[in-house]
Number of protein chains: 2
Amino acid sequence: MKAEIISIGTEILLGDIVNTNAQFLSKELANLGIDVYHQSVVGDNEERILKAFNDAFKNCDLIITTGGLGPTKDDLTKELAAKYLGKELVLHKPSLDYIEDYFKKLGKIPSDSNRKQAYFPNDAIVMDNPNGTAPGAIIKNEQKTIIVLPGPPKEMKPMFNNFVVPYLIKFTNSILVSKTLRVFGVGESSMEKVVEDLIENQTNPTIAPYAKDVDVILRITAKAKDKEEADKLIKPLEFEIRKRLGDNIYGEGETTLEDILGEMLVNKKLTIATAESCTGGMVASTLINYPGISDVFKEGIITYSNESKMKMIGVKQETLNNFGAVSKETAKEMAEGIAKLANTKIGVSTTGIAGPSGGTKEKPVGLVYAGLYINGEVKVKKFNFEGNRQKIRIRTVMNVLDWIRREIQNIK
Amino acid sequence: MKAEIISIGTEILLGDIVNTNAQFLSKELANLGIDVYHQSVVGDNEERILKAFNDAFKNCDLIITTGGLGPTKDDLTKELAAKYLGKELVLHKPSLDYIEDYFKKLGKIPSDSNRKQAYFPNDAIVMDNPNGTAPGAIIKNEQKTIIVLPGPPKEMKPMFNNFVVPYLIKFTNSILVSKTLRVFGVGESSMEKVVEDLIENQTNPTIAPYAKDVDVILRITAKAKDKEEADKLIKPLEFEIRKRLGDNIYGEGETTLEDILGEMLVNKKLTIATAESCTGGMVASTLINYPGISDVFKEGIITYSNESKMKMIGVKQETLNNFGAVSKETAKEMAEGIAKLANTKIGVSTTGIAGPSGGTKEKPVGLVYAGLYINGEVKVKKFNFEGNRQKIRIRTVMNVLDWIRREIQNIK
């Protein structure tokens, strides 16, 4: 089965919104084993939409559209899909009831243009939209199918998952199953080298590395007749990759470094406190993304000035005088100081130069020291990060979280 | 002039990346007054790329491509653009020198496939790529022009701005100039009502509201022969909008609430400190995004536990017992406590239930109290936010920053 995605909306052609729908649908169709050789975007214009249908059906048997299902005169998609496939629109009573009910709850009465959203070809499969007023539809004749979906992602995605996937899965003989491994501490190019021979010899499953903002993901994808067979294909390759990348792999699937670390801290009952300078609270607030963190996160301080470093967590005046606020020695005293103040097993600190100003030859922008106190011992790491203020701060946060993860992974 | 954007790359069709290039180019072309009626995406495949060129030129005279300029055999764009326009590729010496120099700096020698990147039609305009190895090009015959740009946005955008804009501007008679007003504290639908009559009567300039994550922007766009004429058209409309929205407008253009507030705090020499519970350092770290903030931001604390609320900033045991940690009274004592501890003019506090668990009937998830101490007076605000943990925390932060902005705007 070959499909084409047509996104409809002048706002996309004006660059007002990014077309994330096309990405979502492409990925989902790939997972279903349906080939997509072409995506396109057209404006809300009858002639151009019909031409897009015509061009697409030269190469595919299924078109999925997003957008143009609203109540206004500009919204033409459903009407044109029906017209193109030679179908009349008739009133679909359940949709009308839903729309009237929707407006009733708002204390309003639907206008004629809202009612227009309840008309469909009588042999179409109408798809409910609990997140908006525009239902979607699967409209087909003998050879061709057009699936019309609403434009807003929060309406389109659940409709696709709840209706379109079960509908399409009947037509595909094989499925794609992916497993994602999340890696931190190895750059994209170094990782590519580590798995180069595996990538070169790949047929099924395939392996693909992707660089994200701060981490790298490795996706293993198998094509098989069902999930079980796919899992069997993935398993030995995953084992080999895990052997090579070791604890650089911090998690799998849709997770984050802070969730993995948060869970470890809670499971191991390791209380933690933070003392931040250059990251200004970002280590704490990232860690606090993890919902269960209140069991172990006790307190954090942001000692942005020298006075507060001394007053709050007992960094010594002479340390600041002799080595400066951005120094190994200060990072050390901060980590130790916060752990003592908060009476926690772990104390973590950051101090650095996030820029854009404040750098010197000896201490350039991007220089960051982090301190980590665990059960009586303090370690310090020195980093030299590239990038702007925001990037330097985010990289500091993620590297600090990853460092804690590695340090505590063997603590029972 | 009509243009079409063709994005080339199998990774887009697989949904591995979002096609942000198409959005960037659409917006830039709109600003230049060039119509884009169609965008498309094709894979790295000779037949399909040539077909895409052919289809596009039925409706336009300019194609802009992104992607497919790399050194591998899969990278076909430049070769096919030349072929389509009936041009031979010849060695472009300056590009070869650049590529050899680039590899020399890395201590490497370019391979034959890298050298392939230095071949262009002899009448093409070759565009340098200081951010990568693949130069771009403007290739044309009598009727048709194809502009080939690299795929990575950090290479494509500067090349477009530095070469393509000056090239295209010669062909356009009018330009679009936009002015963006940033609004906080008024929802998208309420704002639409406030400016409804202006939107209904719009011709030139036009007004369009867009909802962002936490704020709303209003974009005024004028079409005119030059910037000066456009500015004249925008001015009276902007005046009217500002009159209606008042201090809900916090800034204009590409700025953020924290930058605006940071600048105000620094200019007014208002020192500030933060005491956060549910936001866990996010108020501080957002404020610290503003580079000059170290002049006024003194310290922050994250009092995630009751003990730390008492120990660090003197919240009273009886306050916590009688009213709970999430209460007006606690928010008040936190704001006052941190201002006294840090000896600052402003103290700000947050305490709330970010969820997903921890909510009760009386104190549901989304309930947040914020405290604001300014020069001896403490105020408290109560919020009920919708959304998940992350959204509740972000909404708290932005509402707190906006509150401070409004409170200090009249302080000299």
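Colleague: Why are helix 3 of chain A and helix 4 of chain A called oblique to each other?

Modeller: Keep in mind that this is a predicted model. The axes of helix 3 (residues 46-57) and helix 4 (residues 77-84) of chain A come within 10 Å and cross at roughly 50 degrees. Angles under 35 degrees count as roughly parallel, and those from 65 to 115 as roughly perpendicular; the two helices are therefore oblique to each other. Their crossing is right-handed.

Colleague: Which residues make the contact between helix 3 and helix 4 of chain A?

Modeller: From helix 3 of chain A come A:E46, A:I49, A:L50, A:F53, A:N54 and A:F57, and from helix 4 of chain A come A:L80, A:A81, A:K83 and A:Y84. Sorted by kind, the residues of this contact are seven nonpolar, one polar and two charged.

Colleague: What makes A:K51 and A:D55 a salt bridge?

Modeller: The rule asks for a side-chain nitrogen of Lys or Arg within 4 Å of a carboxyl oxygen of Asp or Glu, and the closest N and O atoms of A:K51 and A:D55 are 2.9 Å apart, so the pair qualifies. Because A:K51 and A:D55 lie four residues apart in helix 3 of chain A, about one helical turn separates them.

Colleague: How many salt bridges does the rule find across the interface of chain A and chain B?

Modeller: The rule finds four salt bridges across that interface, while a search of the whole structure, over all chains, finds 54. The side chains of B:R219 and A:D16 also meet in a salt bridge, at 2.9 Å from N to O. As for the interface itself, 57 residues of chain A are in contact with 56 residues of chain B, and the two chains bury about 4,500 Å² between them, 54% of it on carbon and sulfur atoms. Of the area that chain A buries against chain B, A:L13, A:I302 and A:Y304 supply 12%, more than any other three residues.

Colleague: What is the omega of the peptide bond from A:N204 to A:P205, and where is A:P205 found?

Modeller: That peptide bond is cis, with omega near 5 degrees, and A:P205 is found in the loop between helix 9 (196-200) and strand 10 (206-211) of chain A. The peptide bond from A:G355 to A:P356 is cis as well, with omega near 0 degrees. Most peptide bonds are trans.

Terms used: Residues numbered from 1 in each chain as written. Chains lettered and ligands numbered in written order. Predicted model: local features only at pLDDT ≥ 70, side-chain atom pairs only at ≥ 80, totals over all residues. Heavy atoms only, no water. Axes fitted to C-alpha atoms, helices over the stretch in contact; angles between N-to-C directions. Parallel < 35°, antiparallel > 145°, perpendicular 65-115°, else oblique. Left-handed = near helix turned anticlockwise from the far one by under 90°. Contact = heavy atoms within 4.5 Å. Nonpolar A, V, L, I, M, F, W, Y, C, P; charged D, E, K, R; others polar. Buried area = accessible area lost by both parts, 1.4 Å probe.
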